[in-house]
Each structure stands twice: as structure tokens, then as C-alpha cells.
Amino acid sequence: MANVAFVLTSHDAVGANGESTGVWLEELATPYYRLVDAGHNVTLSSVRGGAVPISPESLRPPAGTAATVQRWLSDKAASAVLASTGNVAALSASQLDAIVVPGGHGALWDLPSNAVVTALIETLLATGRCVAAICHGPAALVQARDANGQPCVAGRNVAAFTVAEERAAGLADDIPLLLENELRALGAHIVSAPAFEACAVRDDNLITAQNPASAEAFAEHMLAALAP
């Protein structure tokens, strides 16, 4: 079975407006349970370690009614792990078969600038291991470069939370970057569905997905990538 590390944001506020944010729980819970139920070894790490903030919006209907969210909220062991995550600085690429980066707007602040996360992504992609990121999670990809110094997303099919979705959410002017535009500028081929509809794509060992509605398809791609 594979060793999989989830890499989570520690950022808990949206820019100047102070709105609470963090990880979007369905984007964590769905791949988490699919991987655990399949027998894979899963650990949770975050930028600062310790307790990970959860986006309040991801706990409210309709997002909060997702089956995996409800399972998580009744799972005391999972909640305890999320309250005491390890620091990403302790992760070793040599011990990992895959990393998963869930979204939530917090990811836009502390994942692009984290050198440890960037190095992990670069190493795993270069060695044929799996990197998976959903919604705002692909923010962790923007600084990653290949052996030739080119963006790791250049020429790849990539899905992420779109500009249209940011505008619909009312946060386009409050966040540090518009992820779709950033990835496109790096040479990614953006693959997307209409706003808030499911879209997940696998390009070799890179798996990305657009939004929470994509969580199940995202998890399916991961299971396929990690199959013996």
C-alpha cells in the first residue's frame, strides 16, 4: 500500500475582509476516506503544524451535508488528527508515494510560498510519483519547477478553481491570486467545467480538480494512480 501525505493550509483569514477560511473539509474528507478505506497509509501535515483551520462555509449546507463531511464530523479519531497535524517540514520525499493538497481559500496564502512543499512537489513529479491537488490546492504548484527550470505545470492539463467561480463566490478582489490565471500564465492547459460542476483530470502523475463537486472523481483518479 502507498504512503500518502496530505498537505494542508494553516491560513485562517481572507485578506483584508477578515472572513474566516482554512481547508475545505469535503476536499480533505473525500480523498482521505477513499484512500484509508482502500488500505493506504495516510498522514496529515500542515504548513505550521498543529490544529488546521476548517473553512466555516464548508460545514454549512449544502457543503456540510456531503456524506464524507458527515462521516468526518462523527469520526473522533480523524478530528483529533486534524487538531494535531505534523509540520510539512518533517515530511521526507523519500518516504512518500504521493501527496494530496486539498483546497480552501487559505491555500492561496501559505502554500505557494512554502519552499518545503514546493521541493516535495518537484521531487515527486520528477520521480514519477503522484501529486494531487484540488480546487485551491493547485496553488501549491505555482512555484514548482522541473530540472530545466520550467514550471512543472507547463504543457500539462490542469484543473483548479476558476475565475468565474471566484467571482461567483464574491472573493475575487480579496485574494492574493486568481489561480486559473496564474496557472495559465505558467503554461498550463486549463481544463474546466461550468462553474461549480465537477471536473477532475489526470495528466500522468499529476492529478488536479476544479472544486468540491469534483472530490469523488479526484479520489477515483488517485486510487487508479496508486493501484499496483
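Start in the loop between strand S9 (189–190) and strand S10 (200–203), where Phe-196 sits. This is a predicted model, so keep that in mind throughout. Phe-196 is not a glycine, yet its phi is positive, about 70°. Most residues other than glycine have a negative phi. Buried or exposed, or in between: where does Phe-196 fall? It is partly exposed, at 43% relative accessibility.

Now move on to Asp-204. It lies in the loop between S10 and strand S11 (206–209). Asp-204 counts as exposed, with a relative accessibility of 57%.

One more backbone point. The peptide bond from Pro-61 to Pro-62 is cis, with omega near 0°. Most peptide bonds are trans. Pro-62 belongs to the loop between strand S4 (41–46) and helix H2 (67–73).

Next, the overall fold. The protein has eight helices and 11 strands. Its C-alpha atoms fill a box of roughly 45 × 40 × 30 Å along the principal axes. Is the protein compact or extended for its length? A compact globule of 228 residues would have a radius of gyration near 17 Å; this protein has 16 Å, so the two agree. Of the 228 residues, 54% count as buried. Look at the contacts with a separation of 6 or more: 76% of them join residues 24 or more positions apart.

Now a helix pair. Helix H1 (residues 25–37) and helix H8 (residues 215–226) have axes that come within 9 Å and cross at roughly 35°. The crossing is right-handed. On the H1 side, the contact residues are Glu-26, Thr-30, Pro-31, Arg-34 and Leu-35. On the H8 side, they include Phe-218, Met-222, Leu-223 and Leu-226. By class, the H1–H8 contact has eight nonpolar, one polar and four charged residues.

Last, the cysteines. The cut-off is 2.5 Å between the sulfurs. Cys-135 is in no disulfide either; its nearest cysteine sulfur, that of Cys-199, is 12 Å away. Both side chains are tucked in: Cys-130 is buried at 4% relative accessible area, and Cys-135 is buried at 2% relative accessibility.

That's my tour. Questions, please.

Definitions and conventions. Residues numbered from 1 in each chain as written. Predicted model: local features only at pLDDT ≥ 70, side-chain atom pairs only at ≥ 80, totals over all residues. Heavy atoms only, no water. Buried < 20%, exposed > 50% of the residue type's maximum accessible area, 1.4 Å probe, protein only. Axes fitted to C-alpha atoms, helices over the stretch in contact; angles between N-to-C directions. Helix = DSSP H or I, 4+ residues; strand = E, 2+ residues; numbered from the N terminus. Left-handed = near helix turned anticlockwise from the far one by under 90°. Contact = heavy atoms within 4.5 Å. Nonpolar A, V, L, I, M, F, W, Y, C, P; charged D, E, K, R; others polar. Rg over C-alpha atoms; globule rule 2.2 N^0.38 Å.
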